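Dear colleague,

I am passing on the structure below, and my notes on what was found in it follow directly after it. Please read them with the model open beside you.

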Amino acid sequence: MLLSLAPETWKTRLKAEFFPLNRRRDIDGLRGLAVLLVMIFHAGWLKGGFIGVDIFIVISGYFMGRSAFMQHPFRPERFVWRRLYRLVPALLVMIVVVCASMLWWVLQSDRADIAQNGAYALIYLSNIWASHHVGYFEGQSIAYPFLHTWSLSLEMQFYVVIFLVAVLLPRLGNRRVVLYTLLGASFLYSVFASYRGDHAAYYSIFARLWEFSLGTLIWVLPALPQSLLLSGLCYAVAVAVLVLCGVFYDLTNACPSLMAVLPCVATMLIIMQPQAITRRVLEPLAPVGVISYSLYLWHWPAIVLASYLLFFQVHGLTMALVLCGAVVAGTLSYLFVERPMLSYENRAMPSAVRLGAGVMVGLCGVAALALAWLSFLSRVH
């Protein structure tokens, strides 16, 4: 589609797709760093790459704070429609394609679990399913192509929380109190879960709300009073902290560990300094960040599918080729699913947007019921 256009036109189109205007490119770059950390972690090449999820969570809290608290007046319908058009289409397409690709030939027991996980993912309760079925860092996780959707379920659950806060508390002062309360209570719960050795808390919205809240609080905290030099230095140090955490952290440092504070605060400091001269260190990763959602969706199913097909643990050059395939799939998902749906939501009439949202939710419900039924049938002997 792009290649059929005149040279300058397709170059302009590509620039518009991967370098959109009116966005902070360093935050897109931060997203790019986050998804690369997660992908490299899942490839087995970086033991602390799981902090990419913590980075994503703080960024999500930041943008939801803007959408819910900084828009006057707050428009509940627009908030809901935007979130649905942002998350649902690409997720639905990924789950349908993966299920159609593998459920007909995997073992019956595997089919039952994969279908059930897919059903929970479509109703954004994948984190609850995962907490009762498999440890995220355990070897059997490679059997579940939708296990990574637990973080998307967390995100949608946070959307519900922030939506309720925005609707029920009209004054920003009241919202600030609630945010501090959520942050404090969630952090204490996380500390308690860490003390108890409750590894299932890794998936819990209660153990993660403080990470989301850190991002949201950026909008109500005073600006950092720093010189240009100090701001640039602080920004560079925060980026270095994220890289070092990715390299040197191990699984004992994953949330609910207190060590999760370090990458979250570093992410927060990066976002709070839009004028830092060192922000350009992240900007080359901006195109990766733009498509990070679709990349995240597709990279783990690609690894799982390769493991099923090749009958051995994927690593080395094979893993590199699998990730390249995931990048292609993620890019196509962004160009032909994610981006068009967001553009449609932005330009269509409200009635059409409302109808489209209803259709998407209905399709997710039908697909979830079909997968739940398939899971039930596969467990019947």
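The charged end of Arg-83 sits over the ring of Phe-79, at 5.1 Å from the ring centre, and that of Arg-208 sits over the ring of Tyr-202, 4.6 Å from the centre; a charge is taken to sit over a ring if NZ of Lys or CZ of Arg is within 6 Å of the ring centre and within 35 degrees of the ring normal. Please bear in mind that this is a predicted model, in which local features need pLDDT of at least 70 and side-chain atom pairs count only at pLDDT 80 or more, while totals for chains, interfaces and linings use all residues. Residues are numbered from 1 along each chain as its sequence is written, and side-chain values use heavy atoms, with hydrogens and water left out.

The structure holds 17 aromatic pairs, where rings of Phe, Tyr and Trp (its six-membered ring) pair if their centres lie within 6.5 Å, and planes under 30 degrees apart count as stacked, over 60 as edge-to-face and the rest as tilted. One of them joins Trp-129 and Tyr-144 edge-to-face, at 5.3 Å centre to centre and with 75 degrees between the planes. This pair links distant parts of the chain, since Trp-129 belongs to helix α6 (residues 126–131) and Tyr-144 to the loop between α6 and α7, 15 residues apart; helices here are DSSP runs (H or I, at least four residues), as are strands (E, at least two), numbered from the N terminus. Both Trp-129 and Tyr-144 are buried, where buried means under 20% relative accessible area, exposed over 50%, and partly exposed in between (1.4 Å probe, protein chains only). Tyr-202 and Tyr-203 form another edge-to-face pair, 5.8 Å centre to centre with 85 degrees between the planes; Tyr-202 counts as buried at 4% relative accessibility, and Tyr-203 counts as buried at 3%. Elsewhere, ring pairs link Tyr-62, Phe-63 and Trp-219 into a cluster.

Turning to helix packing, the axes of α2 and helix α13 (residues 292–310) come within 10 Å and cross at roughly 5 degrees, the axes being lines fitted to C-alpha atoms, for helices over the stretch in contact, with angles running from 0 to 180 degrees between N-to-C directions. That crossing makes α2 roughly parallel to α13, a label given to angles under 35 degrees, whereas those over 145 count as roughly antiparallel, 65 to 115 as roughly perpendicular and the rest as oblique.

In the loop between α9 and α10 lies Val-220, which counts as buried at 12% relative accessibility. Leaving aside residues up to four places away in sequence, Val-220 touches Leu-172 and Arg-176.

Finally, the structure holds zero disulfides, a disulfide being a pair of cysteine sulfur atoms within 2.5 Å. For Cys-99, the nearest cysteine sulfur is that of Cys-364, 12 Å away, and Cys-99 is buried, with a relative accessible area of 10%.

How values were computed:
Contact means heavy atoms within 4.5 Å.
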